[in-house]
Amino acid sequence: MRDIAVFSGSAHPELAEEICTHLEVPLQPVRVDRFANDCLEVQLQANCRERDVFLIQPLVPPVQEHLVELLLMLDAARGASAARTTVVMSHYAYARSDKKDEPRISIGGRLVADLLSAAGASRVLTLTLHSPQVHGFFSVPVDHLHALRELATHFRGLDLTNSVVVSPDLGNAKVASAFARLLGVPVAAGAKQRFSDDRVVISAVIGDIEGKDVIVLDDEIARGSTVIELIDRLRERGVASIRVACTHGLFTDGALDRLAAQPDVLEIVCTNSVPIPKGKWVPKLRVLSIAPAMAEAMRRIHNGESVSSLFH
């Protein structure tokens, strides 16, 4: 591919390397320095002038550190006269801050979108936003992919004759329904109420799940409090087995170990949209690659081809 330059921040270089392998282009080097006053400086160490530049940087912990690094990369690309700069953000952490549900609360999803645009982003390529309205926070074009095909391909290898997809809450039910259609199975959903970041209550599960092989689908698992609460309700309803699937497996604060310790959870499936915490791999974990889909989207963006077929 001519006139393309791909750079990666420090958030997830393994994903960037895999994407570049599929694109058959080199991953260009980036220098990140920290001064004595704790300020960062970024240098893109390859020619950007009049080139189509892609910056790969998911917003993963430490989120603020990686966000500032990304903003500095954008500023560097703009200052180097890049023809177009596309942010490839496989995880947009601030998408969860998408509404004003308390007085005088910030809406981080919109603010960070504005920061990316102000820093020089021409376009954003992202994956499985927490809620669809976040797409509208951006003032630049956004290509919003999902990982349902990758997840469905994995689960089609199982016997699904007694299976049902369960969404942890009604807000994710539409996505869960789309996933269930891909698998040809019914769908159910939990009635969830969140009281704090780590305290949720699921009062009921709506749908026929007794004696079923359940596939729990969520967009993101951080502390895992929602999924573990749902597993308790599923256990009370007498399900046959439980598998857990998500796009973004953040697994913070020991969430992966807690999920793996549940005796009726047979499998935990996620993608490599975010790096799995070092030393936290467990035998029940399966990680699917979204690099081919991201690379194909980047290729189509560069060539001016339609990306819409990748959305469905």
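1. Residues are numbered from 1 along each chain as its sequence is written, and side-chain values use heavy atoms, with hydrogens and water left out. Because the model is predicted, local features need pLDDT of at least 70 and side-chain atom pairs count only at pLDDT 80 or more, while totals for chains, interfaces and linings use all residues.

2. An open sheet is formed by six strands in the order E2-E1-E5-E6-E7-E8, with parallel pairing; strands here are DSSP runs (E, at least two residues), numbered from the N terminus, and two of them pair if DSSP finds at least two bridges between them. Strand E2 (27–28) and strand E8 (142–145) are the edge strands, each pairing on one side only.

3. Strand E1 (residues 4–8) runs parallel to E2 and is joined to it by two bridges, and Phe7 stands opposite Gln28 in E2.

4. Helix H2 (residues 63–79) packs with helix H3 (residues 108–119) at an angle of about 25 degrees, their axes being 8 Å apart. H2 is therefore roughly parallel to H3, a label given to angles under 35 degrees; the axes are lines fitted to C-alpha atoms over the stretch in contact, with angles from 0 to 180 degrees between N-to-C directions, and helices are DSSP runs (H or I, at least four residues).

5. The residues of H2 that meet H3 include Leu67, Leu74 and Arg78, and those of H3 include Val112 and Leu115, where contact means heavy atoms within 4.5 Å.

6. The unreviewed UniProt entry annotates residues 5–120 as "domain: Ribose-phosphate pyrophosphokinase N-terminal", although such annotations may be inferred rather than shown by experiment. Over residues 5–120 the chain is 34% helix and 23% strand, and the end C-alpha atoms lie 16 Å apart.

Technical notes
Parallel < 35°, antiparallel > 145°, perpendicular 65-115°, else oblique.
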